[in-house]
Amino acid sequence: MATTFADQLRSLPDDALGALIQLRPDLVVPVPADISALAVRAQSRNSVARCLDGLDEFTLLILDAARLSRATDTALTSVDAVLTLTGGVDPEDVKAAIERLRVRFLLHGPPEALQVVGAVDEVTSPYPAGLGRPADFLDPAAGALCADRAKLRRTVLAAPAAARAVLDRLAAGPPIGALSRTAMDTAEPVRWLVDQHILVPVSEAGRAPRPDGELVELPREVGMLLRRDTGPLGALRPFPPLPDAPVRDRKAADSAGAGQVMEAVRATEAILEALAAEAAPVLRAGGLGVRDLKRLAKAAGVDESGAALLIEISYASGLLGESEVNPRSTNGAAQDVFLPTGAYDLWRATGVATRWATLVRSWLTMTRQPGLVGRRDERDRPINPLAPDAERAGAPQARREALDALADLEQGAAPSVDDLLALLAWQTPRRSRGREVAHRDAYFGAALLGVTGLNAVTSYSRLLLADPETDETDPLGLNPADAPADAVRALDAMLPAPVDHLLVQADLTVVVPGPPEPELAADLDAVAEPESAGGASVFRVTPASVRRALDIGYRADDLHTLFRRRSRTPVPQTLTYLIDDTARKHGGLRSGSAGSYLRSDDEALLTEVLGDKRLIPVDLRRIAPTVLVSPRPVARLLGALRDAGYAPVAEDAGGTMVLTRPKARRAPSRTPRIAEPMGPPHLAGPRLAGVVEQLRRGDIATRAAHRAPMTVRAAQGQAVPGLTAVQQHSQAMAVLQQAVRDKVKVWVGYVDSHGATLSRLVKPVSMSAGYLRAEDERGESLHTFALHRITAAVNEE
């Protein structure tokens with residue numbers, strides 16, 4: 001059988017062989033030595049299962065029809081036999097499905113004698129199309145009943161209502177059911193069916209009897225009779241169930257998506273800033289705690305599922321990492337915390353579109369499934385963000401499948417998630433089974449990240465998701481298309497341009513009419529409190545925010561200049577007075593270390609501080625009319641004073657104010673782990689032609705080696721019955737010298753530079769300087785052989 005299969009592959013023209021490789025690229029990873037090896041690989045379980053995973057529901061049912069219609073004695077079927085099982089469907093659609101199976105060599109042979117590849121039965125259900133085994137195979141009595149079609153029909157019609165319900169359930173597939181000893185309501189109908197030989201008791205091969213009862217199977221003939229309305233294969237859908245979805249306007253979808261892009265980037269930045277301000281500890285079992293997740297979700301203004309997704313993406317893209325903190329924990333072990341990495345600062349300095357592309361590319365390739373966060377594992381423990389339990393190797397492929405199914409629809413189509421899952425279940429039923437949760441998570445993530453807008457794929461996301469087209473002029477792929485750069489440019493054109501100005505209102509609110517430039521954003525972080533974000537951000541200037549700006553080094557003149565230069569509206573007097581009043585009080589109190597001290601030229605102010613009951617915990621006492629001291633550290637004294645509404649500043653030993661910006665805490669930079677593309681690479685053009693040529697050459701060399709004489713094959717270490725000795729090297733030299741004189745062909749066995757033993761039929765031309773020059777048997781080229789590598793030489797017979 002293997003030889004016949006290999007001969008069929010060998011007889012294919014180059015374009016047909018190339019089409020097979022394109023449809024089943026795993027066959028050439030790595031490239032097999034010859035076509036016989038290709039045939040063996042094409043019939044292997046793994047390759048056949050991988051090929052079946054990419055077939056649609058209708059094609060798989062046609063393959064089941066081929067399995068059902070096989071002859072008992074020859075195991076062959078035909079196109080006509082398949083057509084008899086697909087009544088009600090256009091024969092051209094059935095033939096097209098058969099051709100899809102034949103071009104993939106899951107079916108092979110002439111149309112009148114098709115054969116199913118043996119591994120198909122090994123990797124698919126033993127019950128094709130949900131039908132059981134033939135009745136005569138299961139039980140002679142059931143076979144006799146099914147042989148009499150009229151009697152079988154009368155027996156089925158006479159079945160009680162409860163028994164008929166059991167038959168209808170088994171006829172829908174699978175045809176196996178378990179008869180429970182405890183379920184008395186179903187035991188009697190099943191017993192009636194068994195007594196009438198409509199159901200046959202069976203046992204699981206190689207297993208002990210079931211503790212909960214016995215198994216029964218519905219014979220194939222009975223199942224086909226019960227499916228008389230829908231057909232032997234059940235309901236056949238030659239075409240995908242395209243969802244009846246609304247079509248969004250392209251500009252509306254892009255605008256909605258661009259707005260969500262800005263929100264996703266803002267929320268990610270808010271989460272990382274919250275972690276920079278207060279690091280989250282790493283749990284002992286790994287991951288982020290529930291309390292920290294709630295805190296970060298509140299800081300970003302998103303729900304917990306959205307926060308978990310952004311945290312996972314930040315970690316996958318290298319923006320978030322782990323760092324050891326000091327002091328050590330009470331048990332003496334070092335404690336790790338989650339902190340932004342140095343890459344976060346570089347990421348934040350880029351444009352919104354570039355930041356979005358970084359997040360989406362990491363999301364598409366990360367082997368994490370954030371939708372599992374909040375669920376429970378097999379040990380009934382909750383799954384936390386960044387925990388090992390959320391690792392799923394198939395997550396990248398599930399995202400691509402879900403997004404490709406949506407992108408393949410009409411431009412602007414916005415179907416529901418359930419309709420998309422139904423479409424995926426038809427397109428790749430074997431692969432989609434069990435991935436419904438992952439597909440739902442993919443659509444949720446796409447909406448949160450702005451990949452979709454109004455449930456439709458945006459135009460800039462299509463550029464990022466599109467597979468790069470093979471460039472025939474660049475077969476080595478040295479200059480691949482830069483899809484992310486194209487997507488960034490398209491998105492950047494839709495986003496509002498960064499602004500360098502703001503609008504100051506009389507109520508001390510500051511409106512930024514667009515995404516702020518990095519320099520403006522840094523100033524706003526220092527002098528104002530954020531109130532709302534979106535297309536236009538709103539901040540508010542408060543005494544605390546002005547005091548914070550003064551604490552990190554701004555002067556009152558700097559703040560006045562900032563608002564005059566940046567504001568497109570007149571600066572209200574209330575803001576000027578606020579800055580001046582806060583600056584006048586700022587630095588009026590100065591502390592130093594003694595534990596700590598507090599001094600001021602305003603004695604009345606020190607008297608007020610000394611009498612403030614809120615400052616009792618710092619134990620202030622007067623040591624001079626203008627000096628108070630405390631045993632507490634300077635940092636604690638400053639914090640208590642500020643909490644009480646005062647505006648102190650620290651000073652050094654020389655009396656100079658110490659104004660410092662807090663140091664940003666960062667985790668060590670880490671390289672994000674990017675998952676390798678699923679499946680073998682796409683082959684086309686010159687690369688595909690090169691693979692086909694390599695297979696042809698390898699096949700020619702293998703067949704030539706098989707035609708070599710016994711002496712040559714024995715010299716190469718192959719077992720040859722009846723051969724008692726191997727031809728010596730000196731004898732081989734003599735044969736070659738005589739062949740040069742006579743100009744005749746000889747078989748030469750030699751060992752190449754890789755240690756492989758080969759045989760070739762050549763015509764020697766000359767022997768000199770330790771080398772043999774000879775033409776191959778087709779006379780197309782001249783080869784040079786090192787004489788010390790030649791193991792044998794025999795004249796052509």
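Helices (H or I, at least four residues) and strands (E, at least two) are DSSP runs, numbered from the N terminus. The model is predicted: local features need pLDDT of at least 70, side-chain atom pairs count only at pLDDT 80 or more, and totals for chains, interfaces and linings use all residues. Residues are numbered from 1 along each chain as its sequence is written, and side-chain values use heavy atoms, with hydrogens and water left out.

View 1. P174 lies in the loop between α12 (161–171) and β3 (176–180). P30 is found in the loop between α2 (14–23) and α3 (35–42). Most residues other than glycine have a negative phi, and most peptide bonds are trans.

**View 2. The loop between β9 (452–453) and β10 (456–457) holds L454.** Phi of L454 is near 55 degrees, a positive value in a residue other than glycine. N455 is in the loop between β9 and β10 as well. Its phi is positive too, about 70 degrees, although N455 is not a glycine. L454 is partly exposed, with a relative accessible area of 41%. For N455, also partly exposed, the value is 45%. Buried means under 20% relative accessible area, exposed over 50%, and partly exposed in between (1.4 Å probe, protein chains only).

**View 3. An open sheet of three strands runs in the order β6-β8-β7, with antiparallel pairing.** β6 (280–281) and β7 (320–325) stand at the edges, each with a single partner strand, so one side of each is left without a neighbour in the sheet. Helix α15 (residues 250–277) packs on the sheet and touches β6, β7 and β8. Contact means heavy atoms within 4.5 Å. The direction of α15 makes about 140 degrees with that of β8. β6 and β8 (residues 335–340) pair over two bridges. P281 has V337 in β8 as its bridge partner. Two strands pair if DSSP finds at least two bridges between them.

**View 4. An open sheet of four strands has the order β11-β12-β14-β13, with antiparallel pairing.** Its edge strands, β11 (503–504) and β13 (529–532), each pair on one side only. β12 (residues 509–512) and β14 (residues 537–540) pair over four bridges. T509 is bridged to R540 in β14.

**View 5. Helices α26 (residues 518–527) and α28 (residues 556–566) pack at about 135 degrees, with axes 12 Å apart.** That makes α26 oblique to α28. Angles under 35 degrees count as roughly parallel, over 145 as roughly antiparallel, 65 to 115 as roughly perpendicular and the rest as oblique. Axes are lines fitted to C-alpha atoms, for helices over the stretch in contact, and angles run from 0 to 180 degrees between N-to-C directions. E519, L520, D523 and V527 in α26 meet L559, L562, F563 and R566 in α28.

**View 6. Helix α31 (residues 634–643) has buried residues L637, L638 and L641.** Seen down the axis of α31, the buried residues fall within an arc of 95 degrees, so they line one face of the helix. The arc is that of the directions from the helix axis to the C-beta atoms. A635 and D643, on the other side of α31, are exposed. G645 follows α31, with a positive phi near 100 degrees.
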